[in-house]
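Subject: Handing over a structure, with notes

Dear colleague,

I am passing this structure on to you, and I would be grateful if you could look through it alongside the notes below.

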Amino acid sequence: MVCIAEKAKMTEKEKMLSGQLYDASDATLVQERHQARLLFQEINRTGDEHKEQRNELFYKLFGSAGEDLWIEPPFYCDYGYNIKLGEKVFMNFNCCILDVMEVNIGNNVLFAPNVHVYTASHPLDAKTRSKWLENAKPVTIGNDVWIGGGAIVCPGVTIGNRVVVGAGSVVTKDVPDDVLVAGNPAQVIRPIDNSGFDET
């Protein structure tokens, strides 16, 4: 528990990264978002004939990323440095990650087009929200996950290993390993047998 005196000494960035209410208009945070935008705007302008250069920019943008990274532009994020990717991550066109807190993505993960991952949130009560304060919760996505087109992963969610998220789903709560989830809010549809080849 953070005492009032300690909380008063914290920077807005420290509050943000600890999940507390913070002021997103803080000069440091504004500058860091600006730097991220300059990077992903350059990425989004870089054509396929310069894919190696584009990947170098992605490695500069992200907090960490493994080998065999493949992201189709356009791509959008808040800070970039809170995004941590494993090996062999593929994101199709128009994915967006609001990485106010950490987004950890495992190995062999596939994002279809228009997948959005949100860590950022706002207070439910209007009085606090009117002060333009925000907060966030981290998101974790396991290994061997496939997230269908247009799906949204909400703040604080952990998605287990070998999960499939149906297109258009809104994932609002944790997902266990080895299941297919779909819907709004996403629900477990059935378990997935990951012991061998599945033609479906």
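The notes below take up the aromatic rings and then the sheets.

Please keep in mind that this is a predicted model, in which local features need pLDDT of at least 70 and side-chain atom pairs count only at pLDDT 80 or more, while totals for chains, interfaces and linings use all residues. Residues are numbered from 1 along each chain as its sequence is written, and side-chain values use heavy atoms, with hydrogens and water left out.

Aromatic rings

The structure holds six aromatic pairs, where rings of Phe, Tyr and Trp (its six-membered ring) pair if their centres lie within 6.5 Å, and planes under 30 degrees apart count as stacked, over 60 as edge-to-face and the rest as tilted. One of them joins F62 and F75, whose ring centres are 5.7 Å apart with the planes at 85°, so this pair is edge-to-face. Because F62 lies in the loop between α4 (51-61) and β2 (70-71) while F75 belongs to strand β3 (residues 75-77), the pair ties together parts that are 13 residues apart in sequence; helices (H or I, at least four residues) and strands (E, at least two) are DSSP runs, numbered from the N terminus. Both F62 and F75 are buried, a term that means under 20% relative accessible area, with exposed meaning over 50% and partly exposed in between (1.4 Å probe, protein chains only). Together with F58, residues F62 and F75 form one aromatic cluster.

In another pair, the rings of Y79 and Y81 have centres 5.5 Å apart and planes at 45°, so the pair is tilted. Y79 is buried, at a relative accessible area of 4%, whereas Y81 has 25% relative accessibility and counts as partly exposed.

Sheets

Five strands make up an open sheet with parallel pairing, in the order β3-β6-β9-β14-β17, where two strands pair if DSSP finds at least two bridges between them. Its edge strands, β3 and β17 (170-171), each pair on one side only. Within this sheet, β6 (residues 95-98) and β9 (residues 116-118) are paired in the parallel sense over three bridges, and L98 stands opposite Y118 in β9.

There is also an open sheet of seven strands, ordered β2-β5-β8-β13-β16-β18-β19, and its pairing is mixed. At its edges stand β2 and β19 (187-191), each with a single partner strand, so one side of each has no neighbour in the sheet. Strands β16 (residues 164-165) and β18 (residues 179-182) pair in the parallel sense over two bridges, and V165 has V181 in β18 as its bridge partner.
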